[in-house]
Amino acid sequence: YRWWADWIPTPDGQRWCYNKRWEACRVVEAMISQWGLRALQAGEGVVDVGGDPGFVAAELLRENIPVTVVDPAFGASGKSDPQTSEILRLYRQFEGTQFRLIRAPLNRAFVHDPKHRRILRGASAMVSLYPDEATDNCLYFSAAFDLRTVLMPCNECQRYFPSHNPTYEGFVQQCLKDDAKYSRVFRNAPMTREHVKDTPFCKVILQRTPVGEC
C-alpha cells in the first residue's frame with residue numbers, strides 16, 4: 001500500500017490516475033447509453049462493488065447518480081488521487097443521500113442484513129471494475145436480484161484464471177458460464193459480452209439488462 005501512495009504523485013502515477021478516471025468515465029457513459037440517466041438515478045442508485053479508490057463513484061456523482069460503494073478496504077490501498085478524493089469528500093457531507101460507503105464485502109452475510117438487502121432490492125444497477133475475489137458474488141447476487149449490471153473482469157489477476165484455460169479469455173468465458181448457471185436458477189437474463197471503446201486498460205465488459213428492458 002505504501003508503494004502505491006508514494007507512486008501516485010509521480011508523473012507515471014498521475015498518468016495512471018488520469019487513465020483510470022477516463023476509464024470510469026467511459027464505463028459510466030456506456031451505462032447511461034444502455035439504460036438511460038433517469039433509470040440509473042432511480043431508487044437507491046448504483047451499487048459499486050469493490051469501488052476503491054472511487055473513480056467510478058466520482059463519475060456517477062458527476063452525473064447526479066446516487067452511488068453506494070461496497071468495499072471492506074475502501075481508502076486503504078493508497079491508490080486515491082487528490083481530484084477523486086476531493087469529489088468524494090464533498091459528497092460525503094451528504095452521506096445517506098447521494099453517496100454511501102459500506103465497508104463490508106458483498107457476500108451472503110451482507111445480503112442477509114436487512115438494511116443492505118433493501119439497498120440491493122432498490123438499486124438501479126450494479127457496477128464492478130476488476131472485482132477480483134468478489135467476481136463470483138457479483139455474478140451470483142446481480143442474477144439473484146435481477147439487477148442491471150456492468151462487470152469488468154480483471155485481466156491481470158491470473159490467480160483467478162481457470163486451470164483448464166489459464167488465460168484472460170478463459171476467465172471471461174468462465175464468468176459467462178457461471179453467470180448463465182446462476183441466471184437459469186433465478187430465471188433472469190444472463191450476462192452478455194460487450195466491448196467498450198477508447199478505454200486505456202481492459203476493453204471487455206459483461207452486462208446484464210433485465211428481460212423486460214431488452
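In the predicted model, strand β1 (residues 45–49) is mostly covered, five of its five residues being buried (under 20% relative accessible area with a 1.4 Å probe, protein chains only). Strands here are DSSP runs of E with at least two residues, and helices are runs of H or I with at least four residues, numbered from the N terminus. Residues are numbered from 1 along each chain as its sequence is written. Local features need pLDDT of at least 70 and side-chain atom pairs pLDDT 80 or more, whereas totals for chains, interfaces and linings use all residues, and side-chain values rest on heavy atoms, without hydrogens and water.

Strand β1 runs parallel to strand β4 (residues 123–129), to which four bridges join it; pairing requires at least two DSSP bridges between two strands. Within β4, methionine 126 is the bridge partner of valine 47. Four bridges also link β1 to the parallel strand β2 (residues 67–70), where valine 67 stands opposite valine 46. Together with helix α4 (residues 55–62), β1 and β2 make a right-handed β-α-β unit.

Helix α4 also packs with helix α2 (residues 11–35), at an angle of about 50 degrees and with the axes 8 Å apart. The crossing of α4 by α2 is right-handed. In this packing, Trp16, Cys17, Lys20, Arg21, Ala24, Cys25 and Val28 of α2 meet Phe55, Val56, Glu59 and Leu60 of α4, contact meaning heavy atoms within 4.5 Å.

Terms used. Buried means under 20% relative accessible area, exposed over 50%, partly exposed in between (1.4 Å probe, protein chains only). A crossover is right-handed if, with the strands pointing away from the viewer, the path from the first strand over the helix to the second runs clockwise. Axes are lines fitted to C-alpha atoms, for helices over the stretch in contact, and angles run from 0 to 180 degrees between N-to-C directions. A crossing is left-handed if the near helix is turned anticlockwise from the far one by less than a right angle, and right-handed if clockwise.
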